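Hi there,

Here is the model I promised to pass on. Have a look first, and my notes on its pockets, cavities and helix contacts follow below.

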Amino acid sequence: MARKIVITSGKGGVGKTTICANLGVMLAKLNKRVVLVDVDIGLNNLDVVTGIENKIVFDIVDVIENKCRIKQALIQDLNYPNLYIMPSAHSYNCSLVTAENVKKVINQLNDYFDFVLIDCPAGIDEPFKRAVCGADEALVVVTPHLSSLRDADKVLMILNSYNITDISLIVNRVRGDMILDKEMIDANKIAEILNVKLCGIIPEDDNISVLLSLGRTVNKGCEAYSAFTILANNMFEDKKKLYDCTTKYKGFLGYFKRSLRKKV
Amino acid sequence: MRFEQKCINRLKNILKQDKERLSVPMLNMIKSDIYMSLNSYFDIHPEDINLKYFIDENGYYALDIGIKCNRIKKINFFNK
Ligand SMILES: Nc1ncnc2c1ncn2[C@@H]1O[C@H](COP(=O)(O)OP(=O)(O)OP(=O)(O)O)[C@@H](O)[C@H]1O
Ligand SMILES: [Mg+2]
């Protein structure tokens, strides 16, 4: 039985796809069989983030329309053989792409994988419902900004009306220097206000956008690497360990880095 | 006040304003459910149930349920 987890947010551009791809890689490294499902139909991006855009023959819409078997639409990652991607279509014009049919596809993946990570589109309309319908767990991604937190609160309320047994929060793009200077809300405080358990903290890391442009996920040289490793381990632990973004800005050298970052 | 605290206060306020209000039909449904479950124990009428709700400073829904009744119903717990 796979754990079917939707990665959602409400607000767009907060890092759902980035987290879906990187969490998938980390789970694959832990020897788990993982499939990333792009349900962002029409605005698909997971293929670009994972660098498989040239390998797509069939996509989730083809599976729904019975144009291919489910295995034909799965693309194996080049670096991690346990990791597969089910791409989404760049355009579609088909009434068959309903929440119920997406759920059927996700259920078919059940036997082959340990984790099905569903990359949810932004918003709370029909595309959101399609993505959430097949999941039994949710990871809500926010950035420490008011508009993102406000949208996440609405999403949390809506998720309550689905069959989701476990909802956790990931705070992305956290800046340790700003936290220490009390210029950004702390992730624990965010979780407390939104009344949801905190499962991961991902720092703001310029490497993410650079690697993303190359179709690669984070590597050991990036700050976010440790944060994603901790996040992946948290998927199995009740007591969550959290990445501390402030460490590198503490002490004399840290203070220096902080002042420097502000001046840039 | 530090920026972080200002931001937290603002966020709490926004979330509080965004909270869904309970509509009159929904309040009536809740009243009728309360009536159904308490009717076996108390001699009450639906109009004896006074239901008020508000959203507190932390954004939690708080329900005030006031019920007046004249008698309780006699229940035989040890039916033979
Ligand atoms: N921790 C981070 N540090 C730096 N940049 C980040 C971080 N997380 C995400 N980004 C950048 O933010 C941008 C948006 O990320 P992403 O596409 O993952 O968001 P999304 O929530 O999937 O967006 P959409 O709602 O459009 O699907 C990307 O350019 C990505 O590189
Ligand atoms: Mg996305």
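The largest pocket is lined by 23 residues, and those that lie nearest its centre are A:Asp153, A:Ile193, A:Leu194, A:Asn195 and B:Lys19. Two or more lining residues come from each of α7 (146–159) and α9 (187–194) of chain A and α1 (3–18) of chain B, with α7(A) giving the most, five residues. The volume of the largest pocket is about 660 Å³, and its lining has ten nonpolar, four polar and nine charged residues.

This is a predicted model, in which local features need pLDDT of at least 70 and side-chain atom pairs count only at pLDDT 80 or more, while totals for chains, interfaces and linings use all residues. Residues are numbered from 1 along each chain as its sequence is written, chains are lettered from A and ligands numbered from 1 in the order in which they are written, and side-chain values use heavy atoms, with hydrogens and water left out.

A few terms, so that we read the numbers alike:
- On a 1 Å grid over the protein atoms alone, a cavity is a set of points where a 1.4 Å probe fits but cannot get out; a pocket is an open set with protein on both sides within 12 Å along at least five of seven lines; and lining residues have an atom within 4 Å of a point.
- Grid points are joined across faces, edges and corners, and a volume is the space filled by probe spheres set on the points.
- Helices (H or I, at least four residues) and strands (E, at least two) are DSSP runs, numbered from the N terminus.
- Nonpolar covers Ala, Val, Leu, Ile, Met, Phe, Trp, Tyr, Cys and Pro; charged covers Asp, Glu, Lys and Arg; the others, Gly among them, are polar.

The second largest pocket holds about 530 Å³. Of its 26 lining residues, A:Gly13, A:Gly15, A:Lys16, A:Thr17 and A:Thr18 lie nearest the centre. In chain A, α1 (16–29), α2 (46–49), β7 (166–174) and α10 (206–213) each give two or more residues to this lining, which has twelve nonpolar, nine polar and five charged residues.

How many cavities of 30 Å³ or more does a search of the whole structure find? There are two. The largest cavity, of about 40 Å³, has A:Arg175, A:Glu204 and A:Lys248 among its lining residues. The second largest cavity, of about 30 Å³, is lined by residues including A:Thr18, A:Asn22 and A:Arg216, and α10(A) gives the most to that lining, with three residues.

Now to the helices. α9(A) and α1(B) pack at about 20° with their axes 11 Å apart (axes are lines fitted to C-alpha atoms, for helices over the stretch in contact, and angles run from 0 to 180 degrees between N-to-C directions). That makes α9(A) roughly parallel to α1(B) (under 35 degrees; over 145 is roughly antiparallel, 65 to 115 roughly perpendicular and the rest oblique). Here A:Lys189, A:Ile193 and A:Leu194 meet B:Ile8, B:Leu11, B:Lys12 and B:Leu15 (contact means heavy atoms within 4.5 Å).

Within chain A, α1(A) and α11 (residues 223–234) pack at about 70°, with axes 9 Å apart, and are therefore roughly perpendicular to each other. Their contact has eight nonpolar, three polar and one charged residues.

Best wishes
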